[in-house]
Amino acid sequence: MSDATRAEICAVAIAECFRDDGETLMSAFGTTPTVGGRLAKLTFSPDLFMTDGTATAAETVPPLGGEHGPDVVKGAWMPFRLFFDNVVWTTRRHAMMMASQIDRFGNQNFACIGPHEKPKAQLLGMRGAPGNTIYHRTSYFVPNHTAKVFVEKVDVVSGVGYDRAAELGEATSRYHDIHRVVSNLGVFDFETPDHSMRLVSVHPDVSVDQVLENTGFELAHDQVVPETRLPSDEESHLIRDFLDPKGLINKEIPV
Amino acid sequence: MDKRTTEREVVAELKDGMTIGIGGWGSRRKPMSLVREILRSDLKDLTIVTYGGPDVGLLCKYGKVKKLIYGFVSLDSIPLEPHFRQARQAGGFQAGELDEGMLQWGLRAAAHKLPFLPVRAGLGSDVVSVNPDFKTVRSPYQDGEELIAMPALELDVALIHMNRADVSGNGQFLGPDPYFDDLFCHAAKRRFMSCEKIVETQDFQKEGSVHTVSINRLMVDGVIEAPGGAHFTECTPDYGRDEAFQKEYASTAKDPDAWAAFKKRYLEVSEAEYQEAVKSR
């Protein structure tokens, strides 16, 4: 019997998103994505490249909050302009961003709720999402999966989805690659004929119906949907004893 | 040439409706003493171009902004700038929101005196619909790719803050990141640089390598010595962000009485009185 928490299962599912990336900059925003991305680097994706969150590459993996600790080996200089020049626009990055809204084709919004000219709620803004999604692989993390987040149509498109990328034509969309979405209920991808979202796995103790009820659009899924895998003993140990000894991810996903 | 000047002289040069670029990034190394001087002035209808932090929050709160051209507005440790958020939700100014990288490209086009630079970032997103005046260009080569023609962001004035400067306008950053301060200077007609401390030219390399003198005197028209001039944003290694002060500033967004008190204590005073009030907390 595993005593893994939902957040730990999500962290492993996030790590899995970065499994085949090789020598790529792993950028993960949010507490659980940070733990998940670093877990991948500590286990099956050792070549992942990461920063200390400021202006330098971190060549050893720090725990949450330990980015500037004395044990972290600093590598190349990575100020914001080199981040654009050397990483984003050379396509050598996989970012996991949050989504306040996401639709069936992976259009993401964390800019604002309501019309852009006078929003009901100003959120983060577009930030780098338009450039990220058109230049390199992107995944999303949603800690609160509801029909208000998984919506038929997002209010504002900050991250570009598959339908909009297709309209841009092959040349412009050749680096566009929305890889996966990990929520507190399951794991999703876009590997369907029309690149609409598909349920890949449900987390233990979550039913397919529960996911469908909390999704505001028609979600593709197989007849039998597997369960998201549990953390291995090594992964549990790395999460609990090294990456996140305070268990902060369990506050982000409290189940 | 001795280019020393003061915040007051710089702001006296500014006019209503000007386009002003502000260096730094979020709540990091912002020319806040210059921003505070703008708050004290009668200036209005400004177009502000920046990677925004509390500079934007304050200018919006004071109703100085007609149009904002920005990659984001954040206080870093407080992800959403609450005063900016309030102003956006009130629809108080025109929001020319860009992808972070597009802003760099617009500044670069202006710096290189080009009308535009082609950019892929932004295509497919609503950056296009919120900037309806942006046009596209088609690659003349075989790929035929259609890209955004990011227009040059030509600035009337650039304001930046550095750790060290000399009187002739060479400037040095001692923190980890130069941000885009050089591009703001290149994109502007008039360029003003505040600094923590004015030093002799031969002393730059006592504190940092030659690579840290990123601003040369061709890029600067006026130098202001402003110790604490970036407060409450960070200006490492001279000082970190004043998180307690920033929290206090942020908390005034929802409380008109607290805002009135904050304004009276910190903003309706001279820069010297501001610095004194900060120290005496």
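Author: Helices (H or I, at least four residues) and strands (E, at least two) are DSSP runs, numbered from the N terminus. By that numbering, β1(A) gives the most to the lining of the largest pocket, with four residues. This is a predicted model, in which local features need pLDDT of at least 70, side-chain atom pairs count only at pLDDT 80 or more, and totals for chains, interfaces and linings use all residues. Residues are numbered from 1 along each chain, and side-chain values use heavy atoms.

Reader: What makes a set of points a pocket, and what is the volume of the largest pocket?

Author: On a 1 Å grid over the protein atoms alone, a pocket is an open set of points where a 1.4 Å probe fits, with protein on both sides within 12 Å along at least five of seven lines; lining residues have an atom within 4 Å of a point. The largest pocket has a volume of about 1500 Å³. Among the residues closest to its centre are R127(A) and R28(B).

Reader: Why is the contact of D126(B) and R164(A) called a salt bridge?

Author: The term requires a side-chain nitrogen of Lys or Arg within 4 Å of a carboxyl oxygen of Asp or Glu. Between chain A and chain B the count is four salt bridges.

Reader: How many residues does each chain bring to the contact?

Author: With contact meaning heavy atoms within 4.5 Å, chain A supplies 39 residues and chain B 44 residues.

Technical notes: Chains lettered and ligands numbered in written order. Points joined across faces, edges and corners; volume = space filled by probe spheres on them.
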